[in-house]
Amino acid sequence: MGLTPVHFFSHGSTRMLEAETEAGSYWHRCGQEALKHNVKGVIMMGAHWACKGDKIEVATNPNPDKSACPFVTPSLYTEWKCNPDIKTAERCIKMLSAEGFNVSANPTFDWIHDTYMILIRMFPDWRDCPPVTIISMNARYDPYYHVKVGATLRSLRKENYLLVGTGGAVHNLYRNHWTDMLLYRESLGQEHPPETWALEFRQAVEDAVTKNRGPALRKAMLRLMQHPAYRSAQATDDHWMPALFAAGAAGDWEDEKFSNILGAETWELVNMCNSQFTFGKYTTMEEDQITSRVIEHAPVAKAIQAGA
């Protein structure tokens with residue numbers, strides 16, 4: 001079996017569950033592609049669950065409820081049933097523990113909209129949704145920690161698991177324009193252009209993803225936390241850690257063979273940019289071997305030295 005891709009989805013506001021958007025359509029296409037390739041399960045890190053101290057947890061609730069999703073028609077999420085993957089959750093705990101993480105099961109965790117609204121868009125019929133494992137962040141928000149979580153679970157891509165981080169490319173709730181959302185449940189009306197800091201960081205994220213592969217991707221995503229506009233674009237670090245989880249899962253030397261793309265984008269609330277990225281693609285083992293041979297035997301350009 002070859003590799004599955006890795007997704008970093010910017011989930012945006014709760015209106016993204018109901019509104020018709022380019023990003024929502026892309027989530028659906030990614031879900032249909034996952035079904036086409038018979039993915040074994042989905043492993044997710046969201047932005048709304050973090051553990052204190054040095055801990056990380058994996059959800060093992062066999063019958064999770066869903067937290068409220070305001071500003072949308074309730075039936076869109078209340079009638080959709082969760083499909084937790086307890087067996088894979090226990091396996092993830094063992095893998096993370098073997099790498100030195102202070103990890104444990106959480107048998108009472110209920111799903112939050114940052115993950116389930118993505119899944120509902122990907123798999124509108126809950127009966128089609130592959131089994132899902134949800135992993136927490138750590139509330140110290142150490143970027144290298146979260147890259148390592150993704151790197152530790154990366155090998156599951158070779159077993160046809162789909163790894164997804166769901167956070168935000170530009171996600172500063174304090175600098176959004178909320179009036180239309182609060183009065184009319186409308187988040188897409190851009191009465192003003194986004195501010196410069198939002199545009200600059202949005203472009204920096206696209207460049208980091210699309211111009212880097214393998215370990216260089218991990219380094220580029222980590223460096224973005226030092227970007228001059230980072231703190232304006234990310235008021236808190238919680239929505240950026242899932243991006244680092246995804247980069248960790250898609251940043252091995254083997255991943256240098258495949259490009260990363262910006263699949264779709266939706267702006268909300270003037271300054272929130274919901275960029276949707278896919279790292280790599282579905283491959284077969286034969287395709288991986290062919291690509292490896294092409295890279296291995298590719299001619300190397302010789303340096304031309306000018307005479308003195």
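F9 is buried in this predicted model, its relative accessibility being 0%. Its ring pairs with that of Y26 in an edge-to-face arrangement, with 6.4 Å from centre to centre and 90° between the planes. F9 belongs to strand β1 and Y26 to helix α1, so that the pair links distant parts of the chain, 17 residues apart. Y26 is likewise counted as buried, because its relative accessible area of 8% falls under the limit of 20%.

The pair of F9 and Y26 is edge-to-face, and the count of aromatic pairs in the model comes to 9. In another of these pairs, F8 and W240, the ring centres lie 6.3 Å apart and the planes meet at 80°, which makes this pair edge-to-face. F8 is located in strand β1, which spans residues 6-10, whereas W240 is located in the loop between α9 (230-233) and α10 (241-249); the pair therefore ties together parts of the chain that are 232 residues apart in sequence. F8 and W240 are both buried. These two residues also belong to one aromatic cluster, together with F201 and Y230.

Helix α1, which contains Y26, covers residues 22-36 and packs against helix α4, residues 113-122. The angle between the two helices is about 70°, and their axes are 7 Å apart. The two helices are therefore roughly perpendicular to each other, since angles from 65 to 115 degrees fall in that class. The crossing of α1 with α4 is right-handed. On the side of α1, the contact involves G24, W27, H28, C30, G31 and Q32, and on the side of α4 it involves I118, R121 and M122. Sorted by class, the residues of this contact are 4 nonpolar, 4 polar and 1 charged.

Helix α4 is largely enclosed by the rest of the structure, because 10 of its 10 residues are buried. The buried residues run through H113, D114, T115, Y116, M117, I118, L119, I120, R121 and M122. The elements against which the buried residues of α4 pack are β1, α1, β2 (41-51), α2, β5 and β6.

Strand β5, one of the elements packed against α4, comprises residues 132-138 and includes T133. T133 is buried, because its relative accessible area is 1%, under the limit of 20%. Apart from neighbours within four places in sequence, T133 is in contact with V42, I43, M44, V58, D85, T88, A89 and C92. Between T133 and R231, which are 98 residues apart along the chain, the separation of the C-alpha atoms is 30 Å.

A further helix packing involves α8, residues 215-223, and α10. Here the angle is about 165° and the axes are 8 Å apart. This makes α8 roughly antiparallel to α10, as angles over 145 degrees are placed in that class. The two helices cross in a left-handed sense. L217, R218, M221 and L222 of α8 make the contact with A243, L244, A247 and G248 of α10. By class, this contact consists of 6 nonpolar, 1 polar and 1 charged residues.

F71, although not a glycine, has a positive phi of about 70°. This residue is situated in the loop between β3 (55-59) and α2 (75-78). F71 counts as partly exposed because its relative accessibility is 29%, a value that lies between the limits of 20% and 50%. N160 is also a residue other than glycine with a positive phi, in this case near 75°. The position of N160 is in the loop between α5 (143-153) and β6 (161-167). With a relative accessible area of 11%, N160 is buried.

Note on methods
Residues numbered from 1 in each chain as written. Predicted model: local features only at pLDDT ≥ 70, side-chain atom pairs only at ≥ 80, totals over all residues. Heavy atoms only, no water. Helix = DSSP H or I, 4+ residues; strand = E, 2+ residues; numbered from the N terminus. Buried < 20%, exposed > 50% of the residue type's maximum accessible area, 1.4 Å probe, protein only. Contact = heavy atoms within 4.5 Å. Axes fitted to C-alpha atoms, helices over the stretch in contact; angles between N-to-C directions. Parallel < 35°, antiparallel > 145°, perpendicular 65-115°, else oblique. Left-handed = near helix turned anticlockwise from the far one by under 90°. Nonpolar A, V, L, I, M, F, W, Y, C, P; charged D, E, K, R; others polar. Phe/Tyr/Trp six-rings, centres within 6.5 Å; stacked < 30°, edge-to-face > 60°.
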